[in-house]
Amino acid sequence: MKIIGAKSKNSHDNSEKIKKEIKKCEKYREELISYCYSYFDFGYHDAEDCVQEAYTALYESLLRGIEIRNCKAWLFKVALNYKAKAVNETAKRRQQEFSDNEEKDLVLNNALFYNPDLIENMVSDETIEERAMLILSKLNEKEQYLYFAYYSDKKNLKEISEEMGISHAAVRQRIVGLRRKIIKYIKEYE
């Protein structure tokens with residue numbers, strides 16, 4: 001992300017750019033709703049609210065002059081953050097619904113009885129980020145370049161082949177090999 005001037009000479013142009021960017025991002029709405037609905041155990045209306053929060057945050061960020069290079073990834077990250085916030089709020093509400101500690105202990109014990117590995121199965125965003133960094137650090141320099149060029153910078157195979165000085169087919173083969181290698185490393189953490 002990069003901050004660009006929030007105020008410009010022609011705020012109408014800025015407004016039009018923001019509207020265009022939001023309209024361009026509308027194609028992700030159904031995918032985001034599906035993501036929130038299926039992965040967060042939300043009801044459908046809650047999933048729609050989650051997605052609307054993400055689009056509202058996108059609009060506000062663009063209005064403040066923040067340039068977002070990958071809107072789809074940004075929207076998914078905001079939805080993920082919204083989910084974490086919603087889960088925390090739900091947990092706080094549930095915590096306050098108990099009439100006494102004995103009732104609370106009984107519910108917690110029952111939950112642990114049915115989910116004995118609850119703590120061990122929890123994976124935080126920090127854990128995911130640490131694992132990603134460990135996996136990327138296991139790659140050699142050429143593999144790291146290929147990873148960031150293809151997956152992060154979204155360069156096409158032709159651009160990468162020109163930059164690396166190898167054939168298009170060689171780049172494609174290396175990406176397939178890189179993907180397999182990364183999947184192997186990911187499975188080591190499961």
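The legends below accompany several close-up views of one predicted model.

Residues are numbered from 1 along each chain as its sequence is written, and side-chain values use heavy atoms, with hydrogens and water left out. Because the model is predicted, local features need pLDDT of at least 70 and side-chain atom pairs count only at pLDDT 80 or more, while totals for chains, interfaces and linings use all residues.

**Figure 1. The protein chain holds ten helices and two strands.**
Helices (H or I, at least four residues) and strands (E, at least two) are DSSP runs, numbered from the N terminus. Of the 190 residues in the protein chain, 23% are buried; here buried means under 20% relative accessible area, exposed means over 50%, and partly exposed lies in between (1.4 Å probe, protein chains only). Among contacts in the protein chain with a separation of 6 or more, 56% come from residues 24 or more positions apart, a contact being heavy atoms within 4.5 Å.

**Figure 2. Helix 8 crosses helix 10 at roughly 100°.**
Two packed helices are described by the angle between their axes and the distance between the axes. Helix 8 covers residues 141-152 and helix 10 covers residues 168-188, and their axes come within 10 Å. The axes are lines fitted to C-alpha atoms, for helices over the stretch in contact, and the angles run from 0 to 180 degrees between N-to-C directions. Helix 8 and helix 10 are therefore roughly perpendicular to each other; angles of 65 to 115 degrees count as roughly perpendicular, under 35 as roughly parallel, over 145 as roughly antiparallel and the rest as oblique. From helix 8, look for Glu143, Leu146, Tyr147, Tyr150 and Tyr151, which meet Val171, Arg174, Ile175, Leu178, Arg179, Lys181 and Ile182 of helix 10. By class, the residues of this contact are eight nonpolar, no polar and four charged. In this scheme Ala, Val, Leu, Ile, Met, Phe, Trp, Tyr, Cys and Pro are nonpolar, Asp, Glu, Lys and Arg are charged, and the others, Gly among them, are polar.

**Figure 3. A salt bridge joins Glu143 and Lys181.**
Side chains of opposite charge can pair when their charged atoms come close. A salt bridge is a side-chain nitrogen of Lys or Arg within 4 Å of a carboxyl oxygen of Asp or Glu. In the pair shown here, Glu143 and Lys181 have an N to O distance of 2.9 Å. Glu143 belongs to helix 8 and Lys181 to helix 10, so the pair ties together parts that are 38 residues apart in sequence. Glu143 is buried, at 17% relative accessible area, whereas Lys181 is partly exposed at 25%.

**Figure 4. Helix 9 also meets helix 10.**
The axes of helix 9 (residues 157-164) and helix 10 come within 8 Å and cross at roughly 105°. Helix 9 is thus roughly perpendicular to helix 10. Helix 9 brings Leu157, Lys158, Ile160, Ser161 and Met164 to the contact, and helix 10 brings His168, Val171, Arg172, Arg174 and Ile175. Sorted by class, the contact has five nonpolar, two polar and three charged residues.

**Figure 5. Two further salt bridges are Glu31 with Lys72 and Lys155 with Glu163.**
The whole structure has seven salt bridges. Glu31 and Lys72 meet at 3.4 Å, N to O. Glu31 sits in helix 2 (residues 29-39) and Lys72 in helix 4 (residues 71-96), so the pair ties together parts that are 41 residues apart in sequence. Both side chains belong to partly exposed residues, with Glu31 at 40% relative accessibility and Lys72 at 30%. In the other pair, the closest N and O atoms of Lys155 and Glu163 are 2.9 Å apart. Lys155 is partly exposed at 23%, and Glu163 is partly exposed at 44%.

**Figure 6. Arg29 and Cys36 both lie in helix 2.**
Arg29 is buried, at 19% relative accessibility. Its side chain makes a polar contact with the side chain of Gln52 at 3.3 Å. A polar contact is a pair of N or O atoms within 3.5 Å; within protein, one must be able to donate a hydrogen and the other to accept it, and residues adjacent in sequence count only if both atoms are side-chain atoms. Setting aside neighbours within four places in sequence, Arg29 is in contact with Val51, Gln52 and Tyr55. Cys36 is buried, with a relative accessible area of 0%. Cys36 and Tyr82 are 46 residues apart in sequence, and their C-alpha atoms are 9.7 Å apart in space.
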